[in-house]
Structure formats: C-alpha cells, structure tokens
Amino acid sequence: MYHQYREGYIEVICGCMFAGKTEELIRRINVLSYAKQKILVFKPKIDDRYSEIEIASHSGRKVPCYAIDDPEEILDKVTDDVQVVAIDEVQFFDSKIVDVCEYLADKGVRVMVAGLDKDFRGEAFGVMPELLTRGEFVTKLTAVCAKCGSPATRTQRLVDGKPASFDDPVVLVGAVDHYEPRCRHCHEVVNKPIKIKKRLKSSQ
Ligand SMILES: Nc1ncnc2c1ncn2[C@@H]1O[C@H](COP(=O)(O)OP(=O)(O)O)[C@@H](O)[C@H]1O
Ligand SMILES: Cc1cn([C@H]2C[C@H](O)[C@@H](COP(=O)(O)O)O2)c(=O)[nH]c1=O
Ligand SMILES: [Zn+2]
C-alpha cells in the first residue's frame, strides 16, 4: 500500500544540436505554467547566441531565464515555493551542477535539464554522462542529417566549411555559422584516433 506520492526527480533531455532540446524544454515549461507551478529557468552565461536573458531555440522560441556562471547561484534563487527548475545548455556547467540537481530533486523539486550528450568530436560532453546516469527520466532527441536526411545523432563542426579537427577546443558557442546535425555515417572529425582496429581474419 502506497501512502504518499513523493515529488522530486531529474529529467534529462539530450541529443545533438538542432534536435529540438530547447523546444522540448520550453514545451514542458509552458505546460507546467498552465498548471500554475512555480518555475525558475536557468542557463550558463556563456550561451549568448540569441539572447542574454532568455533560453532560445533555433526556431526563435524564447522563455526568460537567469543567466549564471556558477551552479550554486541556482540555490540562491530557489525559494521553498519553487516546484520546478529548468536548465538549458547544461553541458557547459562544471561538475557542481550535478550536486545542485541532486540536492533539489532530493528536496522535492522537479529538475528538467537539456544539453548536448556529445561534443563535435562525438565524445561525451562534460557533465552529461553523470546527469544521464543520475536522472530518473531521459529523452534523447534526433535532428535531420544535413547531408543525407537520416536521423542525426551527432553535431558536425565546420571551420571555413571544412570538418574541424579532434584537437580543436571543445567549447565554441555558435549555431549554423559553425554547426550542422549529421548522422553517424556522415559525421566527420579530422585526426580522430581509431580506438579499435578490425581483427584480421587469419588471427581469429
Ligand atoms: N537539420 C535539422 N533538423 C531538425 N531541425 C532543424 C534542422 N535545422 C534547423 N532545425 C530547426 O531547429 C529546431 C530545433 O531547435 P532547438 O530546440 O533550439 O534545438 P536544440 O536545442 O536541440 O539545438 C527545429 O524545430 C527546426 O526548426
Ligand atoms: C557540438 C558542440 C557545440 N558547442 C556549442 C554550440 C552551441 O552554442 C551549444 C549547443 O547549442 P544547442 O542548443 O544544442 O543547439 O554548444 C560547443 O561548444 N562544442 C561542441 O562540441
Ligand atoms: Zn547522414
């Protein structure tokens, strides 16, 4: 027999660029605002592409937010009446964001985060593996591959129209100026180390 429904959990929305992560976050925020839930929205200050004071999708949808540097600033803003915390571009925060999300979820807040699971090299992006492990609910979205039209799961970085190199810095804020979504087969990374070489038939 259950006695009480327990509030508080972490939802993670992930995928490549242009997959609709921000649109999905905004959709969830809007639905909850009809339910008169008290929601606070955050993003890292570094994301100043479309707006400094809103989370913004590539299609132009926007919601006001606090732009912060340090994840602990979230705790300063979340008062006892806040039921939902939404965080966009969560991949840019340092590891403190994991403790902040866990703390809030433990105390009954619904925490919704959206971020890139992979960087332009196809490697795990910063804190995302930790958040994906700890989150109760995970939504993985895809875009449309800009080359072949298949579901896109990766983000292609282009420098002067050419694929970026594995050794380039991971963080480069941008949109269509530097990036396009691609599928596994069309995704290109210059100098990407090959981790497993196919075994020769004779050695099997
Ligand atoms: N190749 C593409 N595949 C899917 N959506 C695209 C593509 N290029 C542009 N878009 C636009 O991007 C929107 C998703 O934007 P957004 O929610 O900001 O994505 P994300 O946060 O995952 O980068 C789509 O609704 C569409 O209008
Ligand atoms: C792949 C990749 C992306 N970025 C940056 C580029 C954008 O500013 C954001 C992702 O925004 P979106 O809402 O998911 O479209 O991240 C980066 O810095 N490094 C990368 O490898
Ligand atoms: Zn493709």
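The legends below walk through several close-up views of a predicted model.

Residues are numbered from 1 along each chain as its sequence is written, while chains are lettered from A and ligands numbered from 1 in the order in which they are written. Because this is a predicted model, local features need pLDDT of at least 70 and side-chain atom pairs count only at pLDDT 80 or more, whereas totals for chains, interfaces and linings use all residues.

**Figure 1. The whole protein, before zooming in.** There are four helices and 13 strands here; helices (H or I, at least four residues) and strands (E, at least two) are DSSP runs, numbered from the N terminus. Along the principal axes, the C-alpha atoms fill a box of roughly 65 × 45 × 30 Å. Of the 204 residues, 34% count as buried. Buried means that 20 or more other C-beta atoms lie within 10 Å of a residue's own; exposed means 12 or fewer, and partly exposed is in between, with C-beta atoms placed from the backbone. Two residues are in contact if those backbone-placed C-beta atoms lie within 7 Å. Among contacts with a separation of 6 or more, 75% come from residues 24 or more positions apart.

**Figure 2. The largest nonpolar core.** A nonpolar core is a set of buried Ala, Val, Leu, Ile, Met, Phe, Trp, Tyr and Cys residues joined through C-beta atoms within 7 Å. The largest one has 31 residues, and Leu25, Val85, Val90, Cys101, Leu104, Val111 and Val113 have the most contacts inside it. Helix 3 gives the most, with five. Take a look at valine 85: skipping its neighbours within four places in sequence, valine 85 touches Leu40, Ile74, Val78, Leu104, Val109 and Val111. Another core, of 10 residues, lies apart from this one and includes Phe18, Ala19, Leu116 and Ala143.

**Figure 3. Helix 3 and its buried face.** Ile97, Val100, Cys101, Leu104 and Ala105 are the buried residues of helix 3. Seen down the helix axis, they fall within an arc of 125°, so they line one face of the helix; the arc is that of the directions from the helix axis to the C-beta atoms. These buried residues pack against strand 1, helix 2 (72–77), strand 6, strand 7 and helix 4 (128–134). After helix 3 comes glycine 108, with a positive phi near 105°.

Figure 4. Seven of the seven residues of strand 7 are buried. Both faces are covered, with Arg110, Met112, Ala114 and Leu116 on one side and Val111, Val113 and Gly115 on the other. Two strands pair if DSSP finds at least two bridges between them. Strand 1 pairs with strand 7 in the parallel sense over seven bridges, and valine 12 has valine 113 as its bridge partner. Strand 6 also runs parallel to strand 7, over four bridges; here alanine 86 stands opposite methionine 112.

Figure 5. Two bridges join strand 11 (residues 154–159) to strand 12, and valine 159 has lysine 162 as its bridge partner.

**Figure 6. Two loop residues with positive phi.** Phenylalanine 18, in the loop between strand 1 and helix 1, has a phi near 70°. Phenylalanine 18 is buried, with 22 other C-beta atoms within 10 Å. Lysine 36, in the loop between helix 1 and strand 2 (39–44), has a phi near 60°. With 7 C-beta neighbours inside 10 Å, lysine 36 counts as exposed.

**Figure 7. The shells around the two ligands.** A residue is near a molecule if its C-beta atom, placed from the backbone, lies within 6 Å of it. For classes, Ala, Val, Leu, Ile, Met, Phe, Trp, Tyr, Cys and Pro count as nonpolar, Asp, Glu, Lys and Arg as charged, and the others, Gly among them, as polar. Ligand 1 is surrounded by 15 residues, the closest being Lys21, Thr22, Glu23, Ser57 and Ala143. Helix 1 and strand 9 (143–144) each supply at least two residues of this shell, and the largest share, three residues, comes from helix 1. By class, the shell around ligand 1 has seven nonpolar, six polar and two charged residues. Ligand 2 is surrounded by 15 residues, and Met17, Asp119, Phe120, Thr155 and Val173 are the closest. The shell around ligand 2 splits into seven nonpolar, three polar and five charged residues.
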